[in-house]
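This report looks at how the parts of one protein chain pack against each other. Please keep the sequence and the structure at hand while reading.

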Amino acid sequence: MTTASNRAGLAIAFVLFGVFCISLNDMLIKQLSSGYPLHQIVFFRSLIALLITLVFLQFEGGFAALRTERPMLHVFRGVLVVISNMAFFLALAVLPLADATALFFVAPLFITLLSVPLLGEKVGPPRIGAVIVGFVGVIIMQRPWETGDSLPASRIVLLLPVLAAFTYALNQLMTRKLGVKAPASTLAIYIQATFLIVSVGFFLVAGDGRFAENTTNGSLQFLLRAWVWPAPQERILLLGMGANGALIGYSLSQAYRLADAATVAPFEYIGLPLAVFWGLVIFGDLPTWEVWTGIALIIASGLFVFFRERAKAKRVTTRPVARRH
């Protein structure tokens, strides 16, 4: 017999596994960023993930589930996810893994702020205060008191994970507002197809590497570098990234399907210590005091917002219902 607690436990297991897969994905992309263009990595990852997700689709309604009354919604969602992912991966090429990941985790704070104008939700002073604390963490990690030469990357690169978080938050809020009713595999297929179209477009325009010849910026080189045929051992990595991408989509979709977001979302913060771990073990990067401070403020503010929303939801569901006499 499946109980609410069992479903919550299973959801937490799925989100922990999904976040672990995300940390692997980010680490592998950073490893490959010095030899391959981003659009080539995205192409192979999305192609393999799409093929695997098509198998998942057969257990969730088959190809008939791909029919939709809102095709432009799926396109817009796909574009937002592409912008979010590519902005984050471009930052990964030059930033330490923990720095980029910590800056991206400002996304829940963006969701809280944007829910006011986009969803008409009421956000009280305590949550607004928590959001401000989180953004103070972002400012500290941006190090406005330092000059460009002492920064780990340019100011624009430091803002890329924040852009990724903003577009991710927009995607989440748009999905919540419009109430997309489709199997998880259907949503994943449309997103992976968008990735494929964008990566093929980059290949047609810049696949020969001519736009990367006169740039020294690491992120632009990663974006515009010429396609190369993968070495045998790196073909295995690309195949693994594709399978990993399919597991990420399935695991996170299952997590949020089995339990409410207030139960599941706080466990996504396991991604921050994982990023620190991979950054230290694989790349020898140890976060600076600014990054540790930013991580602490972002986690504290994010968890406060989540648990505040959870307590509010409990009060609503336990409120006595007025009866007619």
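**A buried valine in the first helix**

A residue counts as buried when its relative accessible area is under 20%, and as exposed when that area is over 50%. In this predicted model, Val 15 is found in helix H1, which covers residues 4-32, and because its relative accessibility is 0%, Val 15 counts as buried.

Which residues does Val 15 touch, not counting those up to four places away in sequence? They are Leu 252, Ala 255, Val 264, Phe 267 and Glu 268. Val 15 and Pro 266 are 251 residues apart in sequence, yet their C-alpha atoms are 9.7 Å apart in space.

**Nonpolar cores**

The largest nonpolar core holds 44 residues, and the members that touch the most others are Leu 38, Ile 41, Phe 89, Leu 95 and Phe 222. Helix H3 (residues 71-92) gives the most to this core, contributing nine residues. Once its neighbours within four places in sequence are set aside, Leu 38 is in contact with Met 86, Phe 89, Leu 90, Phe 222 and Leu 223. Another core, of 27 residues, lies apart from this one and includes Val 106, Leu 114, Leu 173 and Tyr 269.

**Helix H6**

Helix H6 runs over residues 125-142, and its 18 residues should span 26 Å at 1.5 Å a residue, which agrees with the 25 Å between its end C-alpha atoms. Among the buried residues of H6 are Arg 127, Gly 134, Gly 137 and Gln 142, together with Val 131, Val 138, Ile 140 and Met 141. Just after H6, Arg 143 takes a positive phi of about 50 degrees.

**Aromatic pairs and charges over rings**

The aromatic pairs in the model come to 13. One of them joins Phe 203 and Trp 227, whose ring centres are 4.7 Å apart and whose planes stand at 55 degrees, a tilted arrangement. This pair links distant parts of the chain, since Phe 203 belongs to helix H8 (residues 184-206) whereas Trp 227, 24 residues away, lies in the loop between helix H9 (218-224) and helix H10 (232-258). Phe 203 is partly exposed because its relative accessible area is 38%, and Trp 227, with 23%, is likewise partly exposed.

Elsewhere, ring pairs link Phe 88, Phe 89, Phe 104, Phe 105, Tyr 168 and Tyr 269 into a cluster. Charged side chains also meet aromatic rings: the charged end of Lys 30 sits over the ring of Phe 283, 5.5 Å from its centre, and Arg 45 lies over the face of Phe 195, at 5.5 Å from the ring centre.

Technical notes: Residues numbered from 1 in each chain as written. Predicted model: local features only at pLDDT ≥ 70, side-chain atom pairs only at ≥ 80, totals over all residues. Heavy atoms only, no water. Core = buried A, V, L, I, M, F, W, Y, C linked by side-chain atoms within 4.5 Å. Buried < 20%, exposed > 50% of the residue type's maximum accessible area, 1.4 Å probe, protein only. Helix = DSSP H or I, 4+ residues; strand = E, 2+ residues; numbered from the N terminus. Contact = heavy atoms within 4.5 Å. Expected span 1.5 Å × (residues − 1). Phe/Tyr/Trp six-rings, centres within 6.5 Å; stacked < 30°, edge-to-face > 60°. Lys NZ or Arg CZ within 6 Å of the ring centre and 35° of its normal.
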